[in-house]
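Biologist: I am new to this structure and would like a close look at a single part. Could you walk me through the place where the two chains meet?

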Amino acid sequence: MTKRRRYILLFAGLIILAACVLTQLAAGAKVTIGQPRPVGRPPRIRPDYQGAVIPPNIAPLNFLIQEEGSLYYVKISSKQGKPVEVVTESPKILIPEGPWHRLLSMNRGAQLAFDVFVKDKNGRWNAFSTLTNTVAQESIDNYLVYRKIHPAHGVWNDMGIYQRNLQTFDETTILDNSYFKRGCLNCHAFCSNRTDRMLIGIRSKKYGSSAILTKDETVANIRTKFGYTTWHPSGRLAAYSINYVGQFFHSARDEVRDVIDLDSFVAYYSLDSRQVKTSPDLARKGRLETYPAWSPDGRYLYFCSASIWWADRKKMIPRNYHQIKYDLLRISYDINTDTWGTLETVLSAHDTGLSVLEPRISPDGRWLLFCMCSYGCFPVYQQTSDLYLMNLHAEQTGQYEYRRLDINSDQSESWHSWSSNSRWIAFSSKKDYGVFTRSYLSYVDAEGKVYKPLLMPQKDPEFYDACLETYSVPELVTEPVKVQGEKLGRVVRSWRKITVEMPITMATPEAGEEPGYEPWQQRE
Amino acid sequence: MLNSFRTLLTQNPDRRLRSLLFFILFYLYIWLEVDTRLIYHGAGAISDFPVFFRGWTFFHRFTSYPGGILEYLCALLSQFLYIGWAGALVLTLQAWLLSLCTDYLFKAVNLPRLRCLRFVPPVLLLITYTRYTYHFATTTALLISLLSVCLYLTATQKAKLSRLIVFLVLSVFVYTIAGGAYLLFALVCAIYELLFARRCWFALVYLLSAIVIPYAGGVLVFDVSIIDAFTNLLPVSWKIFEYENYKKILIIVSALYLFAPSVLLVSGLCRSFFITHAQPLNQPNAPKARPHKPTKKKRGSKFSRLRSRILSWYSGAPIIKWSVESCLLFVLVGAVIFFSRDIKKKALFETDFYAARRMWPQVLAAAPKHPNSYYIVHAVNRALYHTGRMPYDLFRFYQSPDTLFLTAAEHRESYFKKFDIFLDLGHVNMAEHELTESLATDGRRPLILKRLALANIAKRTIHTARVHLSALGKTLFDADWATDYLQQLRSDPTFTLPADHEIQRLRRYMPVQDYGFSPMPFEHILLDLLKKNARNRMAFEYLMSSYLLTGELGKLIQNLHRLDDFDYTQIPPLYEQALLLYMHKEKKPVDLHGRQISQLSRQRFENFKKVYAFYGGNKEAAFQSLANAHGDTFFFYSTYGLSGLKK
């Protein structure tokens, strides 16, 4: 290449660079709208954030304007502070993080207006009706921990547990299965929205089944598999279910997958004594016990229970599987004496006609959030699964009052969790992306009204459109998980494990026997 | 270094011409014989073939671990294997660069006689392709390492400090880009420093860096597992090793990795031990290679005189010399390829490739290369149905009751091979199940995403279909197909898509009555499909074929009335043969629903009986004669459990 040619190329490159910079500057510059033509309706946007109550500490709610145009102008304003303005040739509205956070923090409890203007082909500006949101007074917990996996049936490839900083778009890996040769990991559980106590269930052909226990900065590997886990608020013990799960499929239903617990019971692990125990009421013969959940004061353990009518507990599929319905029970517990009280029925499937599952109590102890679906033990596979709220402080009339939430869709809602201040819930829903479960956030006011759910925002508003993974079991936590990645991976791979003896009082398994698991067992 | 490569390319025109010829043949062989489209397709045997999606989100995940960037680039380049000529070009380019690096390496360490070994890496690469395996990322990581070694060698003239700096800079680059392949870079550099440049301290530092850099970079910076930190992209990585069918070919890939260091090590050791006055390379006082002293000629026999005359004539005739050496090279390479290629595996890939594209005549043409493979027979059966030959020619091919649905235990996880049969039959949920499992085991291939989208559109689970279509929209070659469907779904709020024949066909056949199964006998599935739509011809022919293969003739006769639901002009011959055999054995008539058994079938049965009787009812003795004349009949299959034997 001659010198002359090099100079020409350099010059051309500089011109292109300058043009790019100028275009960007022009796009960022203020636009003159003049007299826009009122459209008389709100703009079509995706994700649908219109009319939601939003956390004051949430990342920018970037969205896509589904209106034809050559230039887009969005003004986000509230009572106080400088409005945030976005001018772009793309219908993707990417809101700058700094100004967004400043605006939200100054306007807790106030309305947030989104004025959308679109310049059409003829060069005229069209003004759409203002979209409004309400900024909540109360913040949401800063982090959301969830599992990502493709909608697996029996086999899987990559999966992991990740934490998302809800104030930004940062996502970090807590543990994925590349650390232990594509095993399975699930059932992450935290103590009272903190991350100093964490349990993750692991299954691996190579490294065996175990539960990874994080206590402050130390990590241990317990040589037994924890199912659905709940921490006692003291952080001294964790109750969990042990499930013998069978999978089957549907010939003509939208959701092909289904599962059934052929046998299950609830046990608890004491961190002090390193022992697994259970109570006769948590492991009754002839009953399936699952989904344990502690009350915030630690005095009650709530769990779900259904009767077993099939003799062969390994045969798939039990007859009348579609009639298995779980009751919601609770049992009192005294941690100081390690004694269990009497069993109470909180909600009977006989009364509801539905299967009651996944109880979670708000940290203030007032609300019990749970799922109900037509049958079975796995709401995320049941299209009929909806979220219900029960007021535990309401005057007791012998029956707990509950109601179906307005946020439900005609698809499955499940896997819910509370924020530490009891004002926010995170849950999984299939309402917008079918089999690809996504995580949503909803505000709960003091009266227990639950507001329009907000899809967990992503930097790219079209992110979820082509995302082939499910985001499920969203757990809100106040702080990031500190022990992660290879630190956890090393413990998973380690042969040094805490060996536990299984108690002899359990329902089905023999003493000392490791409970069996179907290979697919997982949470989606 | 560029100049050095340029020199390599410009000097020695005879070498250049030989290389050019070699790589032209290499390209043509890959394009026309191996056919990279088959590797792209994977046939359920290549499970680690990468997918590629456009956009930042996809790229982002590759930035989180050492070697990720190279994997991203390889994922992009691998997509060109979809187009035969382009794929061959990519693979040839890789092989050529590997050859060039090897050549440069041997020249740089003053081993000119070994430069002919530059063809070894391309040949080893070719073996991996002829055996239909995919190691593009692993071998490209090797290429990056060797390229970096060449870059390093150009710094041998520099001062000690700069040598170390160059090594460290290259180390960070190689480790970030090529992950575990960095170990090779450090090893080759250490061998060079120890045996050729005689700088032991450098060698020691480089060997130490092979431990320190992966640990610091992989574990501390990228926070990957310690196993991945050292092995990602190496042939010993668990990500490769977990594929059972790759274990044999990994010897070749490992040989490819070990080739350069072993040659250097051996020749370096030889140099150290056998040449007592050997001087380190690039030393200012190093004497130049001594010219050969003419030795005193011994008086030889006539034979030795003749030999020396021939040799001198040979040395003085460069064209002849070039031709002989080139011929020798091509014969050697040809022999290696001839003995290493896997014709059966190719047939397996071809039948699956054509079946996935519904190219039925090609399926039937490729099948005889490996007629006893259950996978091939499974594809053949689909081809027979789709060409209208199933009730006529089923036993022209090898058959077993497990081939219809691949029901044998060893095929339980052959999801990639199974989903199309369920889509063909119209059992959308079964297809969705197999497709989802295949997505997990074979990757997010466009072929699977397309079928998942179709299945969900047919079920009207549009939210799910849209995600599959949007993901497809980010691929390189199927974006238009996906965009077209997304547009149709937008413009048709009822998602009816009346003009889409495939969707309408699926909706006509898919079951509507829901029930749980785990697992369900295929007979029930086929009967259920026929219950939904009695005119599901494929379900009917597969049902009848399964009865033929299992010998359940009573059930075949029970379902004979279903012939009326279709346009068969007469009872298909294989069913006639089953009826004749049944009537012969049970000695009772069968209700043919007003149809007749053809004279031809009766004659064949009589002939079969006659031949059998000729051998006195001795099954073994009659085998060959019956196989020759009736190897394609149900009579023969029923008697011997074999088929596809007619000459």
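Modeller: Happy to! Let me start with the layout of chain B, which is divided into domain 1 (18-274) and domain 2 (598-647). Taken over C-alpha atoms, the centres of domain 1 of chain B and domain 2 of chain B are separated by 58 Å. Please keep in mind that this is a predicted model.

Now to the contact itself. Chain B brings 35 residues to it, and chain A brings 38 residues. On the side of chain B that touches chain A, the elements giving two or more residues are α12 (226-231), α22 (428-442), α24 (462-472) and β1 (516-517) of chain B. The largest share comes from α22(B), with 8 residues. Sorted by class, this side of chain B holds 12 nonpolar, 14 polar and 9 charged residues.

Two of those elements are worth a second visit. Let us take β1(B) to begin with: 2 bridges join it to strand β19 (residues 237-250) of chain A, and the two strands run antiparallel. Here His250(A) stands opposite Gly516(B).

The other element is α12 of chain B, and the way to it leads through helix α4 (residues 486-493) of chain A. In that helix, Glu486(A), Leu488(A), Gly489(A), Val491(A) and Val492(A) are buried. Within chain A, the buried residues of α4(A) pack against β13 (171-176), β15 (194-203), β16 (210-215) and β17 (218-222). From chain B, α11 (200-221) and α12 also pack against these buried residues.

Definitions and conventions
Residues numbered from 1 in each chain as written. Chains lettered and ligands numbered in written order. Predicted model: local features only at pLDDT ≥ 70, side-chain atom pairs only at ≥ 80, totals over all residues. Contact = placed C-beta atoms within 7 Å. Helix = DSSP H or I, 4+ residues; strand = E, 2+ residues; numbered from the N terminus. Nonpolar A, V, L, I, M, F, W, Y, C, P; charged D, E, K, R; others polar. Pairing = 2+ DSSP bridges. Domains from an automatic or database assignment. Buried ≥ 20, exposed ≤ 12 C-beta atoms within 10 Å, placed from the backbone.
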